[in-house]
Amino acid sequence: MSVKNKEPYQQAYYPPVPTRFTRYMRQSLIWQFVRFWVINFKIFMLLVKSRH
């Protein structure tokens with residue numbers, strides 16, 4: 001079993017770096033608040049549909 005791309009300082013050795021927009025979306029409290037309510041709404045809809 002051989003391991004590829006384990007040489008340091010090669011391009012494939014480094015993990016991908018998030019873009020500025022991705023970092024902003026991860027840190028934005030407004031976006032986190034919106035996502036929180038969207039996910040809660042989806043869960044609520046699943047509960048409503050399962051009650052027959």
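Analyst: A patch here joins residues with over 30% relative accessible area and no salt bridge, linking like charges within 9 Å and nonpolar side chains (Val, Leu, Ile, Met, Phe, Trp, Tyr) within 5 Å. A salt bridge is a side-chain nitrogen of Lys or Arg within 4 Å of a carboxyl oxygen of Asp or Glu. The model is predicted, so local features need pLDDT of at least 70 and side-chain atom pairs pLDDT 80 or more, while totals for chains, interfaces and linings use all residues. Residues are numbered from 1 along each chain, and side-chain values use heavy atoms, without hydrogens and water.

User: What makes the nonpolar surface patch, and what is its area?

Analyst: Ile 30, Trp 31, Phe 33, Val 34, Phe 36, Trp 37 and Val 38 make the patch, with an area of about 720 Å². Areas come from the Shrake-Rupley method with a 1.4 Å probe, and for residues only the protein chains shown count as cover.

User: Why is Val 34 called partly exposed?

Analyst: Val 34 has 37% relative accessibility, so Val 34 counts as partly exposed (buried is under 20%, exposed over 50%, partly exposed in between; 1.4 Å probe, protein chains only). Val 34 is in helix α2, residues 29–50. Helices (H or I, at least four residues) and strands (E, at least two) are DSSP runs, numbered from the N terminus. The chain has two helices and zero strands.

User: How many aromatic pairs are there, and why is the pair of Phe 33 and Trp 37 called edge-to-face?

Analyst: The whole structure holds two aromatic pairs. In Phe 33 and Trp 37 the ring centres are 6.1 Å apart and the planes stand at 70 degrees, so this pair is edge-to-face. Rings of Phe, Tyr and Trp (its six-membered ring) pair with centres within 6.5 Å; planes under 30 degrees apart are stacked, over 60 edge-to-face, the rest tilted. Both residues lie in helix α2, four residues apart, about one turn. Phe 36 and Trp 37 form an edge-to-face pair too, at 5.3 Å and 80 degrees.

User: How do you know whether Phe 33 is buried or exposed?

Analyst: Phe 33 has 52% relative accessibility, so Phe 33 counts as exposed.

User: Why is Ser 28 called buried?

Analyst: Ser 28 has a relative accessible area of 10%, which means that Ser 28 is buried. Ser 28 lies in the loop between α1 (20–27) and α2.
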